[in-house]
Amino acid sequence: MVISPSRRLRWPAACLALVLLAAASSVLGIGIRAGHADDTVKDPYLGQQTAIDDGEQIYREHCIICHGKAGGRGPDLFAVTLTDEEFLETVLNGRPGTVMPSFASMLSHDDIWKVRAFVKANPNGI
Ligand code: HEC
């Protein structure tokens, strides 16, 4: 919080800081809510073949070992009913208490969107 030299200035300064924070968060989108996807976040790569091909590589490298060609040790991601946002958050955060790991330090949001585009393009598995 802002520390101001005079007591009279403290509240106005705090309000100004909040206004600036709100402005920054709307400009930066998900910026200051680290680790949480924005409610309006949508997969920008759905239906785009190049991204789908990239997503397949990432899936084969990081996910197929558990999620298989249509489910395995983990659920069938090709039939997953999560929203785009829920999918992103699950992959970023993992599922604590299960073997589903967090990929936040390994995959970018774009990488995860490409995997999502890949599984959505193959609803019956591969
Ligand atoms: C070490 C095994 C493992 C790996 C690797 C793995 N997962 Fe998972 N995943 C799981 C398990 C097990 C679950 C089910 C967790 C539960 O019980 O909620 C799961 C759940 C999920 C879910 C939620 C599905 C649902 O219907 O709720 C998504 C999405 C997901 N994984 C995506 C991925 C993606 C994308 C990758 C690769 C980048 C990946 N996982 C890699 C084991 C794994």
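What follows is a short chat about this predicted model.

Visitor: Which element gives the largest share of the largest nonpolar core?
Guide: That core has 16 residues, and Ile112, Val115, Ala117, Phe118 and Val119 have the most contacts inside it. Helices H2 (49-62), H4 (84-93) and H5 (109-121) each give two or more residues to the core. The largest share, six residues, comes from H5.

Visitor: What covers the buried residues of H5?
Guide: The buried residues in question are Ile112, Trp113, Lys114, Val115, Arg116, Ala117, Phe118 and Val119. Take Ile112: leaving aside residues up to four places away in sequence, Ile112 touches Leu88, Val91, Phe103 and Leu107. For the buried residues of H5, the cover includes H2 and H4.

Visitor: How many residues of the shell around the ligand are nonpolar?
Guide: The ligand is surrounded by 21 residues, the closest being Cys63, Cys66, Gly74, Thr98 and Met100. Helix H3 (64-67) and H4 each supply at least two residues of that shell. Sorted by type, the shell has two charged residues, five polar and, to answer you, nonpolar ones numbering 14.

Note on methods
Residues numbered from 1 in each chain as written. Predicted model: local features only at pLDDT ≥ 70, side-chain atom pairs only at ≥ 80, totals over all residues. Core = buried A, V, L, I, M, F, W, Y, C linked by C-beta atoms within 7 Å. Buried ≥ 20, exposed ≤ 12 C-beta atoms within 10 Å, placed from the backbone. Helix = DSSP H or I, 4+ residues; strand = E, 2+ residues; numbered from the N terminus. Contact = placed C-beta atoms within 7 Å. Near = placed C-beta within 6 Å. Nonpolar A, V, L, I, M, F, W, Y, C, P; charged D, E, K, R; others polar.
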